[in-house]
Amino acid sequence: MFTLIELPYAPEALEPVISAKTLGFHHGKHLQGYVNNLNAALPGSPFEGLPLEEIVQKASGGVFNNAGQILNHNLYFTQFKGIPDQVGDDSKGAAPKGALAAQIAKQFGSFEAFQTEFVAKGAGLFGSGWVWLQADAAGELSIAQYAGADNPVAHGFKPLLTFDVWEHAYYLDYQNRRPDHLKALWQIVDWSVVEGRYGE
Ligand code: MN
């Protein structure tokens, strides 16, 4: 049985980037729905009792979609922190440090160039899906677009950072303005979490 993750911040902590109302639906309704669907599908299936990442690597169809969405949202919701806790310029958010910062600079030229490409790929993803910063086994980074519930884990990459571009992630706050939502998300990224994923 999988359970709904607890958010590591208060419902209003991410405002105005993500409203408490959006968070309530996104976490409490959408993610809860994926958890309920997967728990209903697992008994008697070959995937019963497996860890979530293994289900994502092996399953297809509805089991893959619900397991993938749980994995994606767990990574998504735990990579944010409230704006008052951020270090540095609140309008831009923080920046990564250490090995991840060095690798971003090496491959993308600068953190700003990386951000521009990441937002462009999120904005340009047709329909519902996720834009990711992922790493291969050698630590090489790439920005990837995955449709629906698909994700780096299903393709042998390590997931580092993700922005959800399903309309349920932003429509209450930003309506059709997906690029504006994606740009605003930089203000709440907790880079210490992303750095930890890179170093794991
Ligand atoms: Mn979502």
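User: What makes Asp164 buried rather than exposed?

Analyst: Asp164 has a relative accessible area of 0%, and buried means under 20%, exposed over 50% and partly exposed in between, with a 1.4 Å probe and protein chains only; Asp164 is therefore buried. This is a predicted model, in which local features need pLDDT of at least 70 and side-chain atom pairs count only at pLDDT 80 or more, while totals for chains, interfaces and linings use all residues. Residues are numbered from 1 along each chain as its sequence is written, and side-chain values use heavy atoms, with hydrogens and water left out.

User: Why is the pair of Phe118 and Phe163 called edge-to-face?

Analyst: Rings of Phe, Tyr and Trp (its six-membered ring) pair if their centres lie within 6.5 Å; planes under 30 degrees apart count as stacked, over 60 as edge-to-face and the rest as tilted. The centres of Phe118 and Phe163 are 4.9 Å apart and the planes stand at 85°, so the pair is edge-to-face.

User: What makes the pair of Trp186 and Trp191 stacked?

Analyst: Their ring centres are 6.4 Å apart and their planes lie at 10°, so Trp186 and Trp191 are stacked. Both residues belong to one aromatic cluster, which also includes Phe118 and Phe163.
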